[in-house]
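Please read it with the structure open.

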Amino acid sequence: MMAKQVEQDQLFIGIDGGGTKCRATIYSATQGVLGTGLGGPANPLHGLERTLESIMVSTQLALQDAGLRVEQVHDIVAGLGLAGVNIPGLYDKIMQWDHPFKEMYLTTDLHTACIGAHDGDDGAVIITGTGSCGFAIVNGETVNYGGHGFAQGDTGSGAWMGLEAVKAVLVDLDGLGPKTVLSDTLKQHFHVTDAMGVAEQMAGQPSSGYAKLARHVFAAAEQNDEVALQIVKQGAEYISNLAKRLLEINPPRLSMIGGLAEPLNKWLDADIAKLVQQPKQPPEIGAIYFAIESTQHEIRKVN
């Protein structure tokens with residue numbers, strides 16, 4: 001998979017940006033991984049300026065971890081896999097960025113996650129983290145489902161589960177909906193005593209703020225709380241259906257990545273759960289592969 005035509009001393013950086021965090025890894029064809037860095041949220045759907053800031057923070061920390069000087073960023077070829085850039089307008093805005101890299105190649109976080117999960121080979125991947133979406137590539141054909149963003153989509157994601165939990169808690173505390181143990185859980189979580197206290201804590205929260213509540217939903221479901229069970233089962237049904245759509249083009253492997261991949265697996269349809277395999281490489285390595293392949297493509301065009 002690694003480049004032959006690319007100069008052996010060329011450094012690459014793979015950047016995986018999602019709704020909660022941005023991870024960067026610097027790679028050398030001769031020495032392997034040199035350093036990593038972690039920044040904040042990097043989904044331009046929720047703020048372009050914050051996304052660019054998170055990319056640069058993770059890059060600078062990766063440079064530091066690799067023992068490289070800050071100015072060496074200008075010598076590095078970057079592969080970026082970002083959430084939200086499946087929306088053309090956001091893709092264009094990132095591409096217009098006056099970036100500091102030697103070259104920058106941009107694609108979706110789904111694409112780079114898929115490349116990494118299957119070590120550069122064909123396959124399908126489902127991201128179940130702050131958001132949710134699915135991608136598959138087989139013999140050059142790609143399909144992409146979901147990824148519509150919070151809160152108009154992303155069913156089965158951490159943000160969606162957190163939002164559904166908050167909605168259920170508010171109607172319970174107002175005496176307008178079914179009782180749920182999530183009400184006491186969220187009151188304790190936020191150190192409040194009533195519905196308005198919960199609502200105030202969540203006012204203006206980004207998707208990542210809701211995603212942090214997903215663990216409480218799974219915990220309540222394990223206690224057989226009917227409201228939590230309904231949320232988890234609905235989310236798992238959507239992810240199972242998403243997997244079935246991806247499998248229509250017969251990918252050789254299926255992986256799930258993201259913070260909810262493990263806790264959600266047991267709730268999936270049994271025929272889907274048994275097909276899920278561990279990713280071979282993380283998304284930021286997939287972004288490095290993407291940068292290398294894009295560089296090779298440019299070289300082939302010149303030659």
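1. The centres of domain 1 and domain 2, taken over C-alpha atoms, are separated by 29 Å. Seven residues from domain 1 and six residues from domain 2 make up the contact, where contact means heavy atoms within 4.5 Å. Domain 1 covers 11–119 + 281–302 and domain 2 covers 158–277; such bounds come from an automatic or database domain assignment.

2. The model is predicted: local features need pLDDT of at least 70, side-chain atom pairs count only at pLDDT 80 or more, and totals for chains, interfaces and linings use all residues. Residues are numbered from 1 along each chain as its sequence is written, and side-chain values use heavy atoms, with hydrogens and water left out.

3. Between them, domain 1 and domain 2 bury about 490 Å², of which 62% is on carbon and sulfur atoms. Buried area here is the accessible area (1.4 Å probe) that two parts lose on being put together, summed over both. On the side of domain 1 that touches domain 2 there are three nonpolar, four polar and no charged residues. In this scheme Asp, Glu, Lys and Arg count as charged; Ala, Val, Leu, Ile, Met, Phe, Trp, Tyr, Cys and Pro as nonpolar; and the others, Gly among them, as polar.

4. Three residue pairs are in polar contact across the interface of domain 1 and domain 2 (both at pLDDT 80 or more). A polar contact is a pair of N or O atoms within 3.5 Å; within protein, one must be able to donate a hydrogen and the other to accept it, and residues adjacent in sequence count only if both atoms are side-chain atoms. The number of salt bridges between domain 1 and domain 2 is zero.

5. The salt-bridge count comes to eight, the rule being a side-chain nitrogen of Lys or Arg within 4 Å of a carboxyl oxygen of Asp or Glu. Glu-284 forms a salt bridge with Arg-23, with the closest N and O atoms 3.9 Å apart. Glu-284 lies in helix H12 (residues 283–302) and Arg-23 in strand E2 (residues 22–28), so this pair ties together parts 261 residues apart in sequence. Helices (H or I, at least four residues) and strands (E, at least two) are DSSP runs, numbered from the N terminus.

6. Glu-164 is in helix H4 (residues 158–173), and its side chain makes a polar contact with the side chain of Lys-167 (3.0 Å).
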